[in-house]
Amino acid sequence: MSNNEQSTGRKRVLQGKVVSNKPAGGKTVVVEVERRVLHPKYKKFVRSRAKYHAHDENNECNINDEVLIQESRPLSKTKRWVVIENRGSQF
């Protein structure tokens with residue numbers, strides 16, 4: 001393994017909002033994570049969003065819930081994240 005391929009052993013944790021939990025019997029939720037990035041030329045903060053498919057083992061997440069997701073091994077074709085904490089809805 002070269003220096004570029006070594007990992008620190010830590011898994012990334014992201015906070016986001018549940019935007020979909022479509023299949024009623026399924027254990028997959030779609031989480032939208034929003035970042036604020038400084039534009040290099042215009043020096044203005046721009047919001048960038050990314051959607052991640054995450055595994056919800058207990059099927060307890062609802063739409064608009066704030067959740068913490070953690071990186072994991074591939075669980076399916078698109079799922080590489082696991083819900084570790086459901087912080088509930090802010091509304």
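Searching the whole structure turns up four salt bridges. Keep in mind that this is a predicted model.

- β2 and β3 run antiparallel and are joined by 11 bridges. Within that pairing, valine 33 has alanine 50 of β3 as its bridge partner.
- β1 pairs with β2 in the antiparallel sense too, over three bridges. Here serine 20 stands opposite valine 30 in β2.
- β1 also runs antiparallel to β4, with five bridges joining them. Glutamine 15 sits opposite leucine 68 of β4, and glycine 16 has valine 67 of β4 as its bridge partner.
- Six bridges hold the antiparallel pairing of β4 with β5. Isoleucine 69 stands opposite valine 83 of β5 there.
- As for how covered β4 is, five of its seven residues are buried, so call it mostly covered.
- A bit of background: strands of a sheet pair through backbone hydrogen bonds, either parallel or antiparallel.

- Arginine 12 and glutamate 71 make a salt bridge, with 3.6 Å between the closest N and O atoms. This one links distant parts of the chain: arginine 12 is in the segment before β1 (13-20), while glutamate 71 is in strand β4 (residues 65-71), 59 residues apart.
- Glutamate 57 and lysine 27 meet through their side chains in a salt bridge, 3.2 Å from N to O. Both residues are in loops: glutamate 57 in the one between β3 (45-55) and β4, lysine 27 in the one between β1 and β2 (28-38), and they are 30 residues apart.
- Glutamate 57 has 47% relative accessibility, which makes it partly exposed. Lysine 27 comes out at 35%, so it counts as partly exposed too.
- Glutamate 34 and arginine 49 form a salt bridge in which the closest N and O atoms are 3.2 Å apart. Because glutamate 34 lies in strand β2 and arginine 49 in strand β3, the pair ties together parts that are 15 residues apart in sequence.
- Glutamate 34 is partly exposed, with a relative accessible area of 42%. Arginine 49 is also partly exposed, at 48%.

- Which residues make up the aromatic pair, and how are their planes set? Tyrosine 52 and tryptophan 81 form it, and the pair is tilted, with 5.0 Å centre to centre and 55° between the planes.
- Tyrosine 52 is in strand β3 and tryptophan 81 in strand β5 (residues 79-89), so the pair ties together parts that are 29 residues apart in sequence.
- Tyrosine 52 and tryptophan 81 are both buried.

- Histidine 55 is found in strand β3.
- Why does histidine 55 count as buried? Its relative accessibility is 17%, and buried means under 20%.
- Leaving out residues up to four places away in sequence, histidine 55 touches Lys27, Leu75, Lys79, Trp81, Val82 and Val83.
- Some of those names turn up elsewhere in this briefing. Lys27 is the salt-bridge partner of glutamate 57, Trp81 is in the aromatic pair with tyrosine 52, and Val83 stands opposite isoleucine 69.

Methods. Residues are numbered from 1 along each chain as its sequence is written. This is a predicted model: local features need pLDDT of at least 70, side-chain atom pairs count only at pLDDT 80 or more; totals for chains, interfaces and linings use all residues. Side-chain values use heavy atoms; hydrogens and water are left out. Helices (H or I, at least four residues) and strands (E, at least two) are DSSP runs, numbered from the N terminus. Buried means under 20% relative accessible area, exposed over 50%, partly exposed in between (1.4 Å probe, protein chains only). Two strands pair if DSSP finds at least two bridges between them. Contact means heavy atoms within 4.5 Å. Rings of Phe, Tyr and Trp (its six-membered ring) pair if their centres lie within 6.5 Å; planes under 30 degrees apart count as stacked, over 60 as edge-to-face and the rest as tilted.
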